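Please read these points with the model open beside you.

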Amino acid sequence: MATPIVSTQRKPQDIIAEALSLSLKGRQFPGTIYTSAELYELEKERIFRKDWQIVGRTEHYPNAGDYKVHRIVGESVIVCRNEAGELNAFRNVCAHRGAEVANGEGNTKAFRCPYHAWVYGLDGGLKRVTNAEDIQGFEIANCRLAPVRLQTWGGFVFINLAKEGPGLLEKYGDILGKCDFLRTGEMRAARVSVLEPQCNWKLINENVFDLYHLNVVHANSFARDFNPRDFKLYPLSGGSFYGAYRSRSLCNAAGKSLFGSIPWLEGDESSAFAAQVLPTFSILVRHDAVYALMVEPLGVERCRLTIYTLFPQDWLDRKDFDANANQYNDFIRLIFAEDIDMLAALQTGISSEAYVPGPATELEAPVHYLTKDILQRLAEGSAA
Ligand code: FES
Ligand SMILES: [Fe+2]
């Protein structure tokens, strides 16, 4: 029998139909959903340019003029705190010839376009133009960097590139309501780790909720005595879900908390919680720390994973805070380093013409739940 060949030229809708049908039959998704350039273009159009995206934390913009440039599937956006203390977002595309007016992050009084020096205020409005006296009918007051919708929840910042559509809570209120008890608005992302896995962005969240791999890949770090069958999945609307289970502190391999419990969390020292919130945002909770994961695609087979490690704000004043927080940070990096090497190998394997999707176990149910939702959104043509 001839070896099946995975074509990269197939229509996205055919790839989606095959993937949904395989999943229905209890098989894995085909490799093409992680390797097809055409499907990635559809994801850009129907998810990343239409849906809410997490872009960070409010505490990373403490002062007026603090800004950061985000690139979401190539679209450049400035998030900035204005003089009134409000956090805003606007397109980083000059109203003259389209140059990016800002880069990276920092603090500024205004954004001066590097090409012809048009100057924009912290609200994105055009303030100053040189040598423009001869432009007929040009009104500075009517010119600005295009606004982008921005909303916050629990200290997290979200933007939406689509001008219209449901608000953050309208779309994701169910799952965010289930996460309110974490009171992440009273916490601080004291450590931030950025990793660049060589794999498709969907594999990151899938891997986080792949209960089947934990006792294998993480057997020597946190999952030595982890029972994956403890995980109870609670599906919600919009492809979101949460799960309750039992697991130790992720402070180090010993798993005995260095800080003690977060005061407002109920349960005992092994109570754990996890939530898939948006396609690119998930939360992992232990009794002594909250980890927020943000995934950004950088191409079909490359992405960026940012891990925010949150602790109650009061803890930051403790004398032992820095030394302890560093241990938590080192350990979560180690856990994800274990995943990332394996994910690069997975990406290579599923890209092979020899890959035939194998059977899925019950422990992979969350993986199928979240990726099926993404595929259904792509099939329906709308993220709304
Ligand atoms: S492109 Fe920005 S001022 Fe000309
Ligand atoms: Fe893992």
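1. In this predicted model, the centres of domain 1 and domain 2, taken over C-alpha atoms, are separated by 31 Å. Domain 1 comprises 12-51 + 170-380 and domain 2 comprises 52-161, with bounds that come from an automatic or database domain assignment.

2. The contact between them draws 21 residues from domain 1 and 13 residues from domain 2, where two residues are in contact if their C-beta atoms, placed from the backbone, lie within 7 Å.

3. On the side of domain 1 that touches domain 2, at least two residues each are supplied by α3 (37-48), α4 (168-179), β11 (187-195) and β16 (289-299), and the largest share, four residues, comes from α4. Helices (H or I, at least four residues) and strands (E, at least two) are DSSP runs, numbered from the N terminus.

4. The largest nonpolar core has 98 residues, and among those with the most contacts inside it are Val79, Val277 and Ala292. Such a core is a set of buried Ala, Val, Leu, Ile, Met, Phe, Trp, Tyr and Cys residues joined through C-beta atoms within 7 Å, buried meaning that 20 or more other C-beta atoms lie within 10 Å of a residue's own. Both domain 1 and domain 2 give residues to this core, so it lies between them.

5. Leaving aside residues up to four places away in sequence, Ala292 touches Phe156, Ile283, Tyr308 and Leu310.

6. Residues are numbered from 1 along each chain as its sequence is written, and chains are lettered from A and ligands numbered from 1 in the order in which they are written. As this is a predicted model, local features need pLDDT of at least 70 and side-chain atom pairs count only at pLDDT 80 or more, whereas totals for chains, interfaces and linings use all residues.

Note on methods: Buried ≥ 20, exposed ≤ 12 C-beta atoms within 10 Å, placed from the backbone.
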